[in-house]
Amino acid sequence: MLIDRRALRNFDWVLLSLAGIIPLVGLIVLFSAGYEPDSKPIVSLFGIAVQSQAFVKQSLFFLLGFVALFVVTLLPPKVLLSFAYPLYGVCVVLLLVVDVMGLTIKGSQRWISLGFGFNLQPSELMKLGLILGLARYFARNQPKGKVLSLSELIGPASLLLFPMALIAAQPDLGSALALGGIGAGMILFVGVRPRILITLFVLFCASLPVAWNQLHPYQQRRVLTLLNPEGDPRGSGYHITQSIIAVGSGELTGKGYMRGTQTQLEFLPEHTTDFVFCVLAEEWGFFGTMTVVLLYGALIYRLLNIVLKARDHFSMMIAVGVAATFSVCAIINIGMVIGLLPVVGIPLPLLSYGGSAALTMMSALGLALGVSVKRRVYK
Amino acid sequence: MSSGESYQRLSSFAARRVQVIAILLVIAFSILVVRLWYLQVLQGERYRIKSENNRLRTVYIAPPRGKILDRHGEVLVTNRPAFNVELVPEDSKSPKETARLVAEITDQPVEEVLARMNDVTRRRRFEPRVLLSDVSRDIIARVAARRFELPGVVINVEPARDYLNRDFAAHVLGYIRQVSAEQLKSPEFARYRPGDMVGQFGIEARYENLLQGERGVASVIVDAAGNRLGESKFQEEQSGSDVTLTLDARTQRAADKALEGRAGAIVALDVHSGEVLALSSAPRFDPNDFAHDISPTRWAKLTGETRPLTNRVLQGAYPPGSVFKMIVAAAALSEGIIGTEERINCPGFLPFGGRNFGCHKKSGHGLVNLNDSLIQSCDVYYYTVGNRLDIDRIHDYATRFGLGMTSGLGLSEESKGVVPSRAWKERYFKAPEQKRWFPGETLSVAIGQGAVTATPMQMARAMAALVNGGFLVRPHLVRKVTSRSGVVLEDHDPEKAVREPIGVDAKVLKIVMDALIGVVSDQRGTGHRARLSKDFDVMVGGKTGTSQVVSAEFFRAGTKTDDHAWFVGFAPAEKPEIVVAALAEHAGHGGAAAAPLVREVMEAYFADRRIAPSPTDGSAKNPVKPNVTPQSVNEEPEDVD
């Protein structure tokens with residue numbers, strides 16, 4: 001691997017800065033969200049006692065994440081290409097393992113225990129596996145016509161649906177949907193015959209009643225809640241009602257840092273993980289949410305920019321996959337928190353508390369940065 | 001790098017796609033921004049007010065604990081509503097002042113009430129602190145009358161454990177108490193939260209998992225002063241399962257009553273199944289006391305010298321005294337060491353190894369056969385027989401009858417007692433000169449003194465094996481466990497009870513058993529005070545025992561401490577159903593002090609089978625007591641063993 005001046009010039013410094021700024025914002029929010037007034041301080045930073053275990057853990061994970069980001073950035077495309085399928089395979093095996101012997105937390109098996117209180121969430125790692133797997137597939141299998149025919153769709157669709165099914169079985173509908181969004185984004189980028197899309201759409205609508213019955217009752221309730229949140233504000237609508245109150249009550253400028261009553265009085269469950277956006281919205285107001293939305297907009301803009309500048313199909317599809325990951329997860333998560341989409345457990349990339357997600361997302365950015373560096377190194 | 005296609009082609013392909021994607025993303029982000037604008041700016045004030053008035057609180061609801069019933073379905077332990085006076089700090093401008101006022105209104109010590117504000121289990125500002133728990137309606141009325149001066153004070157109802165008969169069967173039922181900090185650290189208690197009530201003793205502890213139930217989760221709407229306006233449940237609480245015991249409430253009550261005012265133990269077993277019909281240890285305690293804070297003086301009493309928390313039925317190991325002779329008799333007959341008709345002369349003592357081993361009857365019993373030896377409890381007979389048997393064979397038979405091992409009841413820690421043997425002495429003593437077994441020790445053991453000790457449960461079990469044809473039963477206390485929805489979770493069918501053959505010929509057991517009937521029915525018998533009143537057509541058999549107490553007190557006070565009194569009986573004599581073992585600490589002789597206790601228990605057990613109802617209806621309820629007093633029955637000097 002050569003790092004020459006051209007590589008440095010091509011390096012996307014804006015994207016790297018965003019990869020630093022967004023987690024920093026996340027940690028600031030997490031410091032408040034995970035604040036436990038009565039617990040013993042874990043460490044003391046610059047004279048400030050830190051009373052949030054989530055904050056300390058997540059800080060460490062982002063430090064690790066930066067290491068991962070640089071390592072991945074420096075990986076030569078050849079290495080990535082040869083490791084794409086094996087990594088995909090490892091991820092699938094880990095999913096199988098978690099289905100068989102994973103830790104059950106809150107009714108779902110999503111984690112593999114690594115000891116020392118750390119758990120690995122393979123469904124997060126699978127996102128990387130899928131991006132590389134599909135990119136690797138399309139690097140060699142371009143559609144013969146302008147877009148994919150039905151027979152050409154079978155390969156990539158299988159690569160996507162198999163891990164999706166494993167994750168859905170955990171059951172973790174949110175992660176399965178997120179993975180579906182990433183995969184669908186990549187496949188649609190390559191292109192699919194309109195006829196097939198229309199047929200699939202019709203089939204999807206026809207199968208809805210069947211799929212509905214396959215959902216767990218709690219999942220059904222969540223969908224119904226979205227359609228009518230006032231129906232049962234203290235039952236299944238509790239979460240979304242509290243979430244919307246939190247977001248709305250932030251008003252233009254917010255209630256002030258660490259002064260969000262919804263969060264600090266624990267009306268809002270899961271406020272360090274999937275609902276961290278609420279804490280931001282409540283304490284920093286519309287200015288805060290706009291800042292984060294703009295940061296994500298800038299991030300995705302830079303990722304699409306890298307897509308345009310990629311020199312080969314493999315690199316381009318990687319960049320597409322990374323862009324899809326951030327777009328899909330951010331839009332679904334924010335949409336869910338503000339009551340536009342049903343409550344499915346999808347973390348907000350780089351902001352939600354979660355070690356596996358932090359490492360995965362930083363590595364994904366590393367992949368994109370790698371594409372940006374190498375685009376003119378190899379001719 | 002995969003193909004030779006031109007960068008131009010790839011780039012124009014990408015550009016078209018990216019354009020479409022960019023448009024879609026702009027639309028999606030615009031929707032998010034518009035929605036956020038709507039929620040935070042247009043509707044922001046509305047939501048701010050909502051959040052300020054957000055009085056929706058998540059609370060956990062303690063599940064009603066399962067009931068405990070006797071074998072006939074009589075409720076022994078249930079739950080009742082308890083009223084607590086609680087304070088939500090968040091709702092009060094100055095919580096401390098409010099708490100102080102509550103204390104003044106209710107005449108409670110101010111310091112104690114204030115101390116409860118620092119409840120380690122409830123730390124968040126909106127979590128209520130329990131200022132006064134389980135208070136009377138009078139106090140509730142006093143607080144309610146001045147509620148407007150007491151912002152944040154709420155009156156809450158919680159299920160409290162109700163031991164309906166106070167200290168009835170306290171050692172069986174046990175008690176519940178807040179889960180301790182040590183317990184919370186262990187994985188067994190992973191699902192508990194600080195403040196949860198947990199079974200800590202007896203059946204309450206043993207069946208904790210089934211009695212507990214599942215806690216419910218609810219969100220409660222309260223107004224600005226903290227009053228509940230309504231609630232809705234996320235998750236219903238699940239009642240615990242009901243436990244039906246093998247205890248017979250009437251028999252148990254008689255056992256408890258018989259031990260009133262003394263220290264001792266009574267246990268009654270079904271001879272065939274090992275079902276525990278009554279288990280009483282005295283002094284007792286009132287399980288209701290454990291639900292709340294226990295004052296230091298009361299705690300000192302509970303852990304003090306009389307040790308009310310000790311279950312003497314299982315944990316008290318006493319020398320079995322003459323009761324042990326029934327086992328020695330069975331051993332001697334089985335081993336062919338003595339015939340039923342062989343007579344041994346008792347001059348009142350036996351010279352052995354250079355000293356005289358005395359019989360309890362100084363003047364001697366004269367010529368005594370096996371039957372006489374048990375009826376009159378002749379010591380010289382058993383010195384002789386024991387010497388012929390030798391200690392290791394005695395050990396073997398005692399073990400077959402269940403001595404020296406736990407009964408398997410599993411209610412609490414059990415004492416194994418001691419069945420001495422040469423091997424035991426070798427193990428037990430350290431100094432070489434103490435390890436040797438002396439023949440004189442065998443003589444002491446043969447009459448149930450010396451190193452041999454047994455619990456009342458072990459003696460009841462041994463007697464059951466003797467009279468049920470030679471099967472060692474496993475005592476148990478639970479007949480079945482039923483979930484609130486009626487599903488039977490555990491079913492201990494008495495027909496399928498665990499029994500192990502002890503390997504002693506049924507004919508031998510019959511001979512000993514017949515002699516034991518004589519102990520009660522024969523005029524010379526040491527146990528005649530166990531006879532039921534004339535109202536009952538039920539014959540009782542059994543064996544008395546007196547265990548010598550050589551305690552430190554004896555040396556200190558210079559006075560002889562009274563011996564422990566034993567009686568282990570069975571009935572009906574011809575076809576035994578029940579065995580009752582009674583031990584009265586420091587009460588004197590078994591025949592005088594313990595046999596009447598067994599009689600009282602048996603009369604309660606056989607109450608349905610009374611043949612001659614008393615002439616008047618008034619006394620029919622309690623016909624047994626008044627006239628047939630033990631004192632009137634016997635003046636005989638032989639009332640010792």
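Two residues are taken to be in contact if their C-beta atoms, placed from the backbone, lie within 7 Å. By that criterion, residues 24 or more positions apart account for 72% of the contacts in chain B with a separation of 6 or more. The model is predicted: local features need pLDDT of at least 70, side-chain atom pairs count only at pLDDT 80 or more, and totals for chains, interfaces and linings use all residues. Residues are numbered from 1 along each chain as its sequence is written, while chains are lettered from A and ligands numbered from 1 in the order in which they are written.

Chain B contains 24 helices and 23 strands. These are DSSP runs numbered from the N terminus (helices H or I, at least four residues; strands E, at least two). Of its 641 residues, 43% count as buried. Burial requires 20 or more other C-beta atoms within 10 Å of the residue's own, C-beta atoms being placed from the backbone.

A nonpolar core is a set of buried Ala, Val, Leu, Ile, Met, Phe, Trp, Tyr and Cys residues joined through C-beta atoms within 7 Å. The largest has 131 residues, and B:I266, B:V267, B:A268, B:V579 and B:V601 touch the most other members. Helix α22 (residues 590-605) of chain B supplies the largest share of this core, 10 residues. Beyond residues up to four places away in sequence, B:I266 touches B:A255, B:A258, B:L259, B:A278, B:S280, B:V580, B:A582, B:L597 and B:V601. A second, separate core has 115 residues, including A:L173, A:I334, A:V343 and A:A364.

In chain A, helix α12 (residues 276-309) packs against helix α13 (residues 313-337) at about 160 degrees, with axes 10 Å apart. Axes are lines fitted to C-alpha atoms, for helices over the stretch in contact; angles run from 0 to 180 degrees between N-to-C directions. α12(A) is therefore roughly antiparallel to α13(A) (over 145 degrees; roughly parallel is under 35). The crossing is left-handed, meaning that the near helix is turned anticlockwise from the far one by less than a right angle; clockwise is right-handed. Among the contacting residues are A:F277, A:Y296 and A:L303 in α12(A), and A:M316, A:F326 and A:I334 in α13(A). By class, this contact has 18 nonpolar, two polar and no charged residues. Ala, Val, Leu, Ile, Met, Phe, Trp, Tyr, Cys and Pro count as nonpolar, Asp, Glu, Lys and Arg as charged, and the others, Gly among them, as polar.

Helices α5 (residues 122-140) and α7 (residues 173-190) of chain A pack at about 15 degrees, with axes 10 Å apart. α5(A) is thus roughly parallel to α7(A). Their crossing is right-handed.

Technical notes:
Parallel < 35°, antiparallel > 145°, perpendicular 65-115°, else oblique. Buried ≥ 20, exposed ≤ 12 C-beta atoms within 10 Å, placed from the backbone.
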